[in-house]
Amino acid sequence: MPESSRRTTKGKIRWSKLYNFTCLRPSTADSVVHLEHLGQPGFSRLVLCNEPQLHKTKPHKYPSNYVSTTKYNVVTFLPKSLFEQFRRVANLYFLLAAVLSFTSLAPFSRISLVAPLVFVIGISMLKEAVEDWHRFLQDLNVNSRTVKARVGNGRFAEKTWRELSVGDVIKVHKNEYFPSDLLFLSSSYEDGICYVETMNLDGETNLKVKRCLEATLGMNEDEELSKFKGTVRCEDPNPNLYTFVGNLEFENESYALCPAQVLLRDSKLRNTDYIYGVVIFSGPDTKAVQNSTRSPSKRSRIEKKMDLVIYLLFSFLFLISLVTAISTAFYLKYEMVEWLYLRLQDDDDPFFNPIKPEVSGFRHFTRALILYGYLIPISLYVSIEVVKVLQTMLINKDIEMYDEVTCKSVRARTSNLNEELGQVEIILSDKTGTLTRNEMEFRKCSIAGTSYGGDIKEVDLAASRRMNTCAETYRCSIDESNTSQSFELSEFSEADIMVTEKAILGGREDGENQSTESPEISTVGKESVIKGFNFTDDRLMNNRWMYRSNLFDVIMFFRVMALCHTGIPVEANQTDKLKYEAESPEEVAFLVASQEFAFQFFRRTQSVMVLKELDPSSGKVVEREYKILHLLEFSSSRKRMSVIVRNKDGQIFLFCKGADSIIFDRLAENGKSYQEATALHLSNYAEDGFRTLAFAYRIIETAEYEHWNSIFSQAKTTIGPERDELLDKASELIEKDLILLGAAAVEDKLQKGVPECIDKLAQAGLKIWLLTGDKKETAVNIGFSCSLLQQDMKQFHICLSKEAETKSQVKAMKEDLLYQIENSYQVMCEECNKDSPFAMVVDGKALEVALTDGVKNQFLQLAVNCAFVICCRVSPKQKALITRLVKEYTGKTTLAIGDGANDVGMIQEADIGIGISGMEGMQAVMASDFSLPQFRFLERLLIVHGHWCYKRISKMILYFVYKNIVLGLTLFYYECYTSFCGEVLYDDWYLVLFNVILTSLPVISLGVLEQDVSSEICLQFPSLYKQGPKNIYFAWKRIIGWILNGVVASLIIFLANIYMLSSAAFRQQGEVSDVAHLGGITFTCIIWTVNCQIALVISHFTFIQHLFIWGSILSWYIFLLVYGALPPAYSKKGFHLFMEAIGSAPVYWMITLIVTVVSLLPYFMHIVIQRLFYPLDDHILQEMKYCKKESINNQAWQREQSNSRKSTLIGLSARVDARIQYLKEHLHQRTKSIYRSVTSSPLFQ
Amino acid sequence: MDVDGGGVSAVATGDRTIPIHSGRHEAFYQFTQQKLPACKPVLTPSWVISIFLLMGTIFIPIGLVTLHASQSVVEVVDRYDIECIPEAFKSNKLGYIKDSSIPKNCSRFLKVYKRMKAPIYIYYQLDNYYQNHRRYVKSRNDQQLLHGLKYNDTSSCKPEQTNNGLPIVPCGLIAWSLFNDTYKFIRGASELKVNRKNIAWKSDRDHKFGKHVYPFNFQNGTLIGGGKLDPRIHLSDQEDLIVWMRTAALPSFRKLYGRIEEDLNADDVIVVNLMNNYNTYSFGGKKKLVLSTSSWLGGKNDFLGVAYISVGSSCIFVCFVFILLHMKYPRPYGGHNLFVLEQERHL
């Protein structure tokens, strides 16, 4: 099959010539100018083609094609990751403490200071290593892709990418990626062109033509390449994608090379069977890799705030250490010196030298810093890391986010940002490949003033569906609200809803073909069978268009579709239906559609297009040839495309398709008959988010054509900057007096579930910005089809006016923009009390100016206040810039999502970068923090996992702070009872185990498994997500509250123990307590308190939580038993502590009970009051879920849901709500008028 | 678009069935999907009220019992450090205590105000005595106490490690400062028998103080801190020392001196003949003699009982407050329309 198809393509055309303008364009002189640099520094690269072995040794040794994205290697891992670890202040502090533990300053044993540090650092480093290992595996995967490379004797064999080296001749097949930067030698096309998709590099979806040198284009067979020997001299590796300077010495001649001959790594070969190329840049030298920047390590907002909390704790620590030091000094000077039992005079104990109390005080200060170090949660970082890794695992495993089509699931590539997912406020999204599939479907058309393919708006459908479900509720609510009119109203409303439904569903302007309604409606939203064609209308299908009244216009309409394009047919295997390939998928959709309407475009030669048409008069299929006279290509400024063809009869036609406004401007007087109807249809289509094109034609007299042809040819051959202008002018001359035929609507197919997802995200209060490289119209269409734009939305279009643009004076442009922005802002201020939202559309050029210093703030102010912002025609760099500015200006968490390499900048710049891993290309994914196979999973990722993780991590940090304060402060209080001498109340081992075993697991279970509400409820009430952006769970109020809670709890624990155990005997046998007993009992209270505290924090108990919480408490007793059973040389004061002394004393247990209860009471009271009187959203949802057991009250549930939706301005449901509102008002008015007519009728009177 | 909402559909989508083979698989699946069966307690008013009520009803009886136990303990405390100084030395306490030629004996009269049942524990109480001082606490050597002279690294005992170049057993400041006041109790004409055995923790006697370790070179220096030890008695029998060596946690502490194993009747007057040897005068420490019975809770300490009663009664109080509040401002269960208010509150 490839063999045969190749032959046909070759024989058929050199269809690159179709690109009339480009072909005749004189080669740019720029590259020649640069050639003189060759050999100079920066341009010194020498590639010996087909002799890769010469590049394995010096002096032309270049790196292999292995590309690595790992952070570390075996050697650098230890120093680098250690350095990373000790960038955290807390870790540095603990390192210092560990070092000091080897001096006499330390209050604890060495092991108790060193062991936790090693443990903590070890775990973090392990995590780093595992993450890097995954990166390595991914690299391995990329590097072991295979490509055909020449191995000699004219044979090509598979080689992995990493084995390629500079100079290799390789063969790349259709739809394969280029493994490195190649010099393009030849392709399967005879004229030596190939099509390249560079989406991964710059995000542009249209195919680009690359052209090889004339000298090499003949070598397009495997054998011929073995003889090929050439030398390339070119620039050194650089990241510039659009320039290339070099020359090829081949057969004693030197040819200049330009970017058209260079195929870049990570772009993809399209529409071309194969190409041959020589590797000129490999691996790290390639432009794609040179362009990739190492992803910056991102830290979540919570973690940054956590640092502040840690600093706060540090200052607290500093303060109490200072208090300790000063007190020691005073005690030493005035009191201790008299305590003869200390015998301070006998030796100079550095800590207790009454002669120099200041020195001793200072020593005590350093010592206290370590002693109270338990205030600083050493294990917080490591616990957070562990928790995040586990959270990541759960995110990755979520089956709801598994895409069956691509067999991929969500991957969290870094675990640092899980909780950041719960705080996102602005989403910056790419369009193509992210929201849309880059597939077009022919959906509707309007021919000769009649719309086909159904004219029901999708919104109406959704509205009627929703009204249907809430008809009951609606009726009830009317019943309740105004009982006086209830009778009439309810009757009317029920009946009228039926009427409206009918009106919506069945209302056709035509009134004919009632029978087609139901199948038509049922097909809405279904996948079409034919790719690119999702159209059903019995009036046109199955050749019934023949019976339409204005047959000529219909035929012409189909001819425009079939002829006005740049596509080529590709033979499909079995059927007589052809497949098409074209520059844009839109054209493919038209070709497919015209084929369905029996206007099959089936052959193209350089100058002729052949259609198989159905002749309505005879009913037979006839072949008709059209000679192509000219092709006036599409450009973003022209916004139209025309072909001039001559048919067999010698008639010359101009077929034109283009943007409606452009076409409407160029209509002849007699060509406007359908304009009004078409315009109406177009606006309907546009509201549904379809991309529309108007079709028109014109019959040209031969004489006029000849005249014009001479003008045009002259323009074409002009060399110089005015050429484009001349060409434009020439085409204006012929593209006039058009006759409008109609319009077609193609749907830029959205990815599955995108509108619903966006709807949920909008309900969750997220703002969405669309940043796309595509043109404005497309972007706006997508805005509509995602329901981000609505008809009643006020749109601000910010773009540079023509004059300002041509003058290209920065100042003028700035003023122009400022004026626009201020105008818009005024409008916004005036209308801000109304609830109609605003949208802003800004294009790349305007953006360039808008993001400069003078205008930036005004622009952002306006943009931030808009519900939806579209930036079109933006470059990758601008995307990144916008992201950064939005992030900086608003200070809100931004999330960037994209799929191509052009989104990399933005993905890296945003607080969270998400790459779509669905289709192809790894750049975005490699740069991202999370990769999703589909956009729609963003909903679950944010609303469920983000929300959960945010709460988990914030609760966890707060609890951590709390528990360490509880422990740390008791140490301090005890100091007050020991004349601040630095004695420790607890055994070293208690302290070591406290963070490692006794309290670590429950908090990890909190961090991993806590759920305020289940995932279903999260998704049903997206507005619950708003808690995250508002940061109510990690607000300073809460942090301080928890710190106070810790202080109070520690006070209660310590004082209660002191008073209960002071002086009198604590056992029946009359024994009094010593320091070991006090320590043991106090510590028991702490363990109980902190573990019960977490039980109060957790609202979701699985057996794991139970096991961990109660297990932790139990493990304390087990530890006491085991420790007490060790010989006293090891257990010291803990020897037989539990068995002999405290365990058998009733006081011990009673103290534990009361102290635990009392120290938890403040928090308990707080949550009780909050829940009963000031509940938060999640509390109410929990209650609703809880009480649902007793009464399934769907109505209440639904009311809450709609309430939660109320504040949403954008998204599908907002649109549907608006529609329902509108319909209801309509109904009401009708009811009134009916009522009035009834009451005023004589019969009634 | 989930328009029909409601819990029913949620449940339906929640139980997405996946072929599950064994229980363990299922549990793992549930874990990874975060759908493990869980109890989700919700604090409803009834829960809150019953929790407080329950706490109240449990704590108050416990408190009463505890308080009763504590009240049943009879405790007689007598501070004697000042009274036991002869009038002549009132202004020069230090001179008195340091002069070994002055007899230190002193008599105190204790009146038993309530019948005391045997065993009656005798404590000495020291106030403002920082036995928990770091320098002091560290100055001992557990190995030496257990193994005696065989263990000769006594660096931890500074500054009381050697004397005249010979090691001290037991070394260190704690042992050196051994409390050495002694008491004799006389009721009427007969002396009350004081049992001074078994006053230390058994684990100390058995495992921490060696049976073959005898005091050596103890209190032979120029500076004498406190009591002397009979070098013929091995350490594990020197219970005074063992009790003393258990350093107290707080600067005011009691230590067991012995037991009187006879009942004392109310209004008995007990004459205590004591030797006021121990120097607390130089740092303003107080010395007290305490006679106390014990209950199942130990000594006299009302704090625990009072705490239980007050917590219990405040729980009951809070419970009633909540009942009233709930009746006055009833919040509909499951929060009607509060969702919206909530949104606005946080805007």
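Student: Into which domains is chain B divided?
Tutor: This is a predicted model, where local features need pLDDT of at least 70, side-chain atom pairs count only at pLDDT 80 or more, and totals for chains, interfaces and linings use all residues. Residues are numbered from 1 along each chain as written, chains are lettered from A in the order written, and side-chain values use heavy atoms, with hydrogens and water left out. The bounds come from an automatic or database domain assignment. For chain B that gives domain 1 (1-37), domain 2 (39-73 + 299-347) and domain 3 (74-293).

Student: How far apart are the C-alpha centres of domain 2 of chain B and domain 3 of chain B?
Tutor: Contact here means heavy atoms within 4.5 Å. It takes four residues from domain 2 of chain B and five residues from domain 3 of chain B. Their C-alpha centres lie apart by 47 Å.

Student: Which three residues supply 86% of the area that domain 2 of chain B buries against domain 3 of chain B?
Tutor: Buried area is the accessible area (1.4 Å probe) that two parts lose on being put together, summed over both. Between these two domains of chain B it's about 340 Å², with 45% from carbon and sulfur atoms. The trio that supplies more of domain 2's share than any other three is Ser72(B), Val73(B) and Lys300(B).

Student: Now chain A. What is the area buried between chain B and chain A?
Tutor: In contact there are 104 residues of chain B and 123 residues of chain A. Carbon and sulfur atoms give 62% of the buried area. The total is about 10300 Å².

Student: Which helix of chain B gives the most to the side that touches chain A?
Tutor: Three salt bridges are counted between the chains. In one of them, the side chains of Asp1074(A) and Arg246(B) meet at 3.0 Å, N to O. Helices are DSSP runs (H or I, at least four residues), numbered from the N terminus. With nine residues, the top contributor is helix H3 (residues 45-72).

Student: Where in chain B does pLDDT stay under 50?
Tutor: pLDDT is the predictor's confidence in each residue, from 0 to 100, and chain B averages 84, with 88% of the residues at 70 or more. Where pLDDT is low, the predicted coordinates should not be read in detail. In chain B, the stretches under 50 include residues 1-20 and residues 336-347.

Methods:
Salt bridge = Lys/Arg side-chain N within 4 Å of Asp/Glu carboxyl O. Helix = DSSP H or I, 4+ residues; strand = E, 2+ residues; numbered from the N terminus.
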